[in-house]
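This report describes a single protein chain, going from its overall fold to selected side-chain contacts. The sequence and coordinates come first.

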Amino acid sequence: MTRTTATHQDLDWLLDGLVDSVAETLNAVLLSDDGLVVSHSRTIDRADAERLAAICTGQQSLARGVGQLFNGGGVHQVIVELNDLWLFIIAAAQGTHLAVIASQEVDAEIMSLAMHNLVQQVGQKLTTPVRGEFDAFGTGDGQRA
């Protein structure tokens, strides 16, 4: 699969390693809080990685809502079980999340451990900077004209 310059290729190989090292792992995507693809494994094309990132951002938002409503604290991990697949999402670093798609045959405990180990190993490389206020109207004060 061809890489685009829009991903961080120095992280792509780490995601490829995760996919290769855990049996039944299909795809991995590193995404920003706002749903942008930071990096993706070679097993998923850019368009599908972008769609997955958007879906995962929604899942993270729903989980945060549950935490806020019921005083559950921050989100560590979201796991979605489908008939044929698993979706795992974990916080990777400030501003990023790691999402993995795996078949139903994956060992969920091993996958979760492998994802957390990857995040711990590369920590700072996974961080995305916080976006500043966008001044759409050019007023210089962040207020609407």
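## Model and conventions

This is a predicted model, in which local features need pLDDT of at least 70 and side-chain atom pairs count only at pLDDT 80 or more, while totals for chains, interfaces and linings use all residues. Residues are numbered from 1 along each chain as its sequence is written, and side-chain values use heavy atoms, with hydrogens and water left out.

## Overall fold

The protein has three helices and five strands. Both kinds of element are DSSP runs numbered from the N terminus: helices are H or I with at least four residues, and strands are E with at least two. Read from the N terminus, the order of elements is α-β-β-α-β-β-β-α.

Of the 145 residues in the protein, 40% are buried. Here buried means under 20% relative accessible area, exposed means over 50%, and partly exposed lies in between, with a 1.4 Å probe and protein chains only.

The five strands form an open sheet in the order 2-1-5-4-3, and the pairing is antiparallel. Strand 2 and strand 3 are at the edges; each has a single partner strand, so one side of each has no neighbour in the sheet. From one strand to the next, the twist averages 15 degrees. Axes for such angles are lines fitted to C-alpha atoms (for helices, over the stretch in contact), and angles run from 0 to 180 degrees between N-to-C directions.

Strands 1 and 2 run antiparallel and are joined by three bridges; two strands count as paired if DSSP finds at least two bridges between them. H40 belongs to strand 2, and V29 stands opposite H40. With a relative accessible area of 1%, H40 is buried. Its side chain reaches the backbone oxygen of I44 at 3.1 Å.

## Salt bridges

How many salt bridges does a search of the whole structure find? The search finds three, where a salt bridge is a side-chain nitrogen of Lys or Arg within 4 Å of a carboxyl oxygen of Asp or Glu. In general, side chains of opposite charge can pair when their charged atoms come close.

One of the bridges links R42 to D16, with the closest N and O atoms 3.5 Å apart. R42 sits in the loop between strand 2 and helix 2, and D16 in helix 1 (residues 9–21), so this pair ties together parts 26 residues apart in sequence. R42 also meets D20 in a salt bridge of 2.6 Å, N to O. D20 lies in helix 1 as well, and this pair therefore ties the loop holding R42 to a part 22 residues away in sequence.

E50 is partly exposed at 39% relative accessibility, whereas R46 is buried at 19%. Salt bridges with shared partners join D16, D20 and R42 into one network.

## The loop between strands 1 and 2

D34 is located in the loop between strand 1 (25–32) and strand 2 (37–40). A relative accessible area of 43% makes D34 partly exposed. The side chains of D34 and S32 are joined by a polar contact of 2.4 Å. A polar contact is a pair of N or O atoms within 3.5 Å; within protein, one must be able to donate a hydrogen and the other to accept it, and residues adjacent in sequence count only if both atoms are side-chain atoms. D34 and G58 are 24 residues apart along the chain, and their C-alpha atoms are separated by 9.5 Å.

## A nonpolar surface patch

Which residues form a nonpolar patch on the surface? V66, L69 and F70 do, with about 350 Å² of accessible area together. Areas come from the Shrake-Rupley method with a 1.4 Å probe, and for residues only the protein chains shown count as cover. Patches are made of residues with over 30% relative accessible area and no salt bridge; like charges are joined within 9 Å, and nonpolar side chains (Val, Leu, Ile, Met, Phe, Trp, Tyr) within 5 Å.

F70 is in the loop between helix 2 (46–69) and strand 3 (77–81). At 61% relative accessibility, F70 is exposed.
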